[in-house]
Amino acid sequence: LGDSEGVTPRTNVVISICILVTCGAAWLATSTLPRGLTVDPIGPAYFPRFIILSVAALGAALLLTSLRDLRQAPSTDSERADSEPQAPEALKIPDAAVHSELVADADELPPISYPRMLSVLGLSIVYVLVMTPLGYFISTVAYVVPLLLLLRVRNPLTISGCALGVPLVLQSLFNKLLGVPLPGGLLDRLQGVLPF
Amino acid sequence: MTLGVCWGILGGALPGISGSIAMALLLPLTFGMDTSVALMMLAGVWVGAGYGGSIPAILIKTPGTASAAATIFDGYELHQQGKTGKALGISLVTGTIGGLFSVIVLVALLIPLSRVTLAFGPPEYFAVALFGLVIISSLSERNMLKGLIAGFFGLGIAVVGLDPLSGVQRFTFERLELYEGFELVPVLIGLFAVTEMLTQAGRLYQWQAIKTQRASTEFPTLGELRGVSRATGIGAIVGIIVGVMPGAGQTVSSFVAYNEAKRWSKHPEKFGKGSLEGVAAPETANNTVQGGDLVPALALGIPGSNSAAIMLAALILHGVRPGPMLFERNPEIVYSLFSGLVIVNFLMLIVGLLILRLCMTVVNVRVPYLIMGVLTLVAVGSYAINNSVFDPLVALVFGAVGFVMKKYGFPPAATVLGLLLGYLVEIAMRRSLILSDGNWSIFFQRPIALVFVVLSVLTLFYPIFLQLWAKRKGRQVPALPLGEG
């Protein structure tokens with residue numbers, strides 16, 4: 001029952017409490033579900049409740065094991081390192097900076113910048129939300145420029161090339177090749193107004 | 001198929017894109033295609049990524065996919081000795097041999113197994129699906145409890161929408177888009193591709209660039225092939241055994257194959273110093289796994305790896321339900337997949353030879369452009385499913401959910417499995433309980449169901465026994481990097 005790197009027993013306690021609270025809320029939500037068919041002796045709420053109970057039991061087990069680990073937690077870093085489960089020698093990957101959660105050598109990778117990660121996520125959400133009113137082409141141009149700036153690309157030529165090239169290629173691929181119409185938005189509305 | 005193989009090799013060669021991400025990104029483009037063509041294209045990506053991952057492993061000591069990590073030991077050494085072409089050639093040829101062998105085993109195992117599974121009723125389905133969920137969730141991360149919670153979370157996502165038996169709305173919040181439940185593709189893309197891109201955006205880690213421009217693939221001579229035949233055979237056997245076991249996957253198979261090939265080699269001292277056998281064994285194994293992975297996926301509807309999960313998702317997208325009835329209802333799809341796998345393996349041999357220069361260029365792509373390309377493709381690909389912005393939003397939200405899950409040790413792959421199995425588990429469970437008038441003993445009265453229930457319980461308690469045993473012996477319980485594929 002070892003754990004992934006960097007997750008302390010204290011964090012696990014908080015996580016398991018969150019899981020138990022969520023299960024409680026989900027259980028309450030199932031009580032509003034109607035009964036359903038008469039031939040079905042268990043009803044539509046039964047399976048969700050089976051899942052909720054299973055997750056709650058697992059969450060409780062996680063809480064108990066985390067509390068046990070918290071009590072037994074080694075006080076010094078060296079003791080902590082000794083107590084961590086180690087992969088067998090044959091399965092260790094030397095010098096491999098693999099971008100996979102399963103084999104990444106965390107020591108070689110730089111730490112995650114959460115503000116940048118959240119900015120990328122937020123920007124992507126805004127992009128999707130404005131895709132219909134602005135249209136695919138305009139919204140993608142407006143998305144790619146700040147995205148590349150956020151990702152520390154500074155060359156104006158590359159940025160403008162990507163901002164125009166990516167939406168053009170994808171729009172052609174989806175509209176022409178795959179026959180999937182992408183939202184026209186502003187450009188569609190301007191078509192009747194503009195002289196070209 | 002050729003496009004699939006090219007995409008797979010290029011995706012596999014990019015250290016930020018795994019085979020499953022390459023497949024997930026292509027999934028929305030398969031909507032308008034015939035089911036068999038879509039499956040063959042995805043099979044091409046899967047097979048291609050198996051080889052593609054070894055290119056940066058050999059050239060820059062950075063595996064394109066996790067399963068190619070074992071190829072570094074001798075592949076990079078061979079590159080440093082000036083034998084790059086030989087290492088790439090051995091990787092390509094033994095990978096093809098492994099892939100072809102896996103198709104033979106797939107046919108040999110799947111046809112009889114599907115006859116057996118025809119006798120399954122709802123209780124057996126439920127027990128088998130539960131076993132699949134338990135074994136994959138428990139194998140996929142270090143903390144088994146978190147793996148199981150992630151798996152059940154996937155079942156929970158599958159519950160959203162109209163109840164399959166009564167039509168009652170469940171957790172739809174009156175949103176029309178949720179009446180049919182969450183679309184599979186955006187959730188898959190979110191948990192696989194968006195999660196990885198958010199991680200990379202946060203990290204902005206740039207792998208080493210390929211400096212050499214003169215590398216070319218050299219086919220091995222007959223003598224060299226004879227020299228690696230033992231390692232290839234070991235890789236093939238390990239690949240099949242690991243592949244059939246749900247949850248283990250390509251990464252484990254390649255490391256186990258490397259170890260076993262070294263143990264049984266006439267020249268174990270050459271391993272790690274540029275041995276061709278050291279490239280042949282892991283490369284054969286990680287391409288052989290694919291056939292093994294498809295056995296439980298097609299026969300039982302339980303995917304053994306992320307890539308097999310995407311193959312199943314493709315089937316579901318095209319209205320085909322995987323599992324025991326697949327052979328009865330859609331034999332043409334299964335047989336075209338068999339023949340497609342043979343063809344894509346031969347195609348890989350040709351495309352792999354021709355595409356090397358392009359791969360070297362692609363590997364040198366900087367991370368910001370990769371992130372931008374993938375995120376714009378995610379947005380447009382998810383939008384194309386229903387011509388609605390709801391689906392790309394779902395992909396982004398699940399990308400964030402996957403990121404949080406990964407950060408705190410919950411494997412997103414187990415959630416995907418839960419989502420895929422959700423419908424099967426619920427229908428089987430409720431039909432069984434209707435048959436037994438709500439009595440759970442039905443799962444213990446039928447022998448096959450009982451066997452799988454017992455296996456599930458044993459799987460659940462195995463780590464506790466292992467830990468107790470290790471404590472008594474004063475040993476540490478080893479943690480394995482499992483589940484990739």
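This is a predicted model: local features need pLDDT of at least 70, side-chain atom pairs count only at pLDDT 80 or more; totals for chains, interfaces and linings use all residues.
I looked up Y114(A) and F403(B), an edge-to-face pair at 6.1 Å centre to centre with 75 degrees between the planes. This pair crosses between chains, from helix α4 (residues 114-134) of chain A to helix α19 (residues 390-407) of chain B; helices are DSSP runs of H or I, at least four residues, numbered from the N terminus. I noted Y114(A) as partly exposed at 32% relative accessibility and F403(B) as buried at 8% (buried is under 20% relative accessible area, exposed over 50%, partly exposed in between, with a 1.4 Å probe and protein chains only).

I then took Y258(B) and F271(B), whose ring centres are 5.4 Å apart with planes at 75 degrees, so this pair is edge-to-face. Y258(B) lies in helix α12 (residues 249-264) of chain B and F271(B) in the loop between α12 and α13, so the pair ties together parts 13 residues apart in sequence. Y258(B) is buried at 8%, and F271(B) is buried at 6%.

I also recorded one aromatic cluster, formed by F47(A), F50(A), F126(B), F152(B), W440(B) and F443(B).

On conventions, local features need pLDDT of at least 70 and side-chain atom pairs count only at pLDDT 80 or more, while totals for chains, interfaces and linings use all residues; side-chain values use heavy atoms, without hydrogens and water. Residues are numbered from 1 along each chain as its sequence is written, and chains are lettered from A and ligands numbered from 1 in the order written.

Definitions and conventions
Rings of Phe, Tyr and Trp (its six-membered ring) pair if their centres lie within 6.5 Å; planes under 30 degrees apart count as stacked, over 60 as edge-to-face and the rest as tilted. Helices (H or I, at least four residues) and strands (E, at least two) are DSSP runs, numbered from the N terminus.
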